[in-house]
Amino acid sequence: MKNNSELKTDVQNAIRWVPLLNDAEISVSVRDGVVSLTGFVNCYIKKLNAEHAAKKVIGVTYLVENIEVKIPRSWVKTDLEIKHEVQNALKFNWIIPHDKLSIYVEDGWLTLTGELTWNFQRETTLQAASYIMGVRGITDDITIKAEMEMIIEQKDVEKALALSWTFDDHDINVKVSGTIVTLTGTVNSWQQKEEAGRIVWNTPGISQLNNDLEIDYYFDLLY
């Protein structure tokens, strides 16, 4: 069982292990499994990488991320330049139906709106935009709506979760209300929580996922 000091060291090492973050100015503090990240990076993708690295560390139950993106003067672009580059990045990715999206940029902060059919299209959109130099942050206002109305069966979602070896599906409760799926229960890592969400988002017809799974690193040790 990790104490605060051990978990802090593990998170710091995980962040340093990411090539893009070798010289990043990121501070880590830990209290009872809650990890806080503060500091500065020079591009938005580094901010995301730091968050993802911390979430992969065993023992992290909650993450507070307050990393600020400070764009170097030589990298600064106008909002119009950023918008054009984002448009091109989306346009040349065949997975993304870019004509269904709207892009707004204010002081380097990007807001994406529109309606897509699948969540993986939204994730691909956000990833593509994250690599654009000059972007300070992204607000995701993209909604998911299936092309055809479908009845989501709870048992189908449960079967999909049961196919994964990543976690014990018996610890996950599924509730379906129309096109909204809610997950509750306990898993023992952020990776398990995100993997459960990824699997559920593949459900045909889903429009919203409430991933309310709790993370308890020591959960499995009790049984």
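This is a predicted model: local features need pLDDT of at least 70, side-chain atom pairs count only at pLDDT 80 or more; totals for chains, interfaces and linings use all residues.
Glu195 has a relative accessibility of 19% and counts as buried.

The structure contains eight salt bridges. In one of them, Glu194 meets Lys55 at an N to O distance of 3.3 Å. Because Glu194 lies in helix α6 (residues 190–201) and Lys55 in helix α2 (residues 44–55), this pair ties together parts that are 139 residues apart in sequence. Lys55 is buried, at 12% relative accessible area, whereas Glu194 is partly exposed at 39%. Shared partners join Glu51, Lys55 and Glu194 into one network of salt bridges.

A further salt bridge connects Asp107 and Arg136, with the closest N and O atoms 3.9 Å apart. Asp107 is in the loop between β4 and β5, and Arg136 is in the loop between α4 and β6, 29 residues apart. Asp107 is exposed at 56% relative accessibility, and Arg136 is partly exposed at 30%.

Aromatic rings also take part in contacts. The charged end of Lys55 sits over the ring of Trp190, 4.6 Å from its centre. Lys70 lies over the face of Phe40, at 4.8 Å from the ring centre. One aromatic pair is present. The ring centres of Trp118 and Phe120 are 6.4 Å apart and their planes meet at 35°, so the pair is tilted. Trp118 is partly exposed at 30% relative accessibility, and Phe120 is partly exposed at 42%.

Key. Residues are numbered from 1 along each chain as its sequence is written. Side-chain values use heavy atoms; hydrogens and water are left out. Rings of Phe, Tyr and Trp (its six-membered ring) pair if their centres lie within 6.5 Å; planes under 30 degrees apart count as stacked, over 60 as edge-to-face and the rest as tilted. Buried means under 20% relative accessible area, exposed over 50%, partly exposed in between (1.4 Å probe, protein chains only). A charge sits over a ring if NZ of Lys or CZ of Arg is within 6 Å of the ring centre and within 35 degrees of the ring normal. A salt bridge is a side-chain nitrogen of Lys or Arg within 4 Å of a carboxyl oxygen of Asp or Glu. Helices (H or I, at least four residues) and strands (E, at least two) are DSSP runs, numbered from the N terminus.
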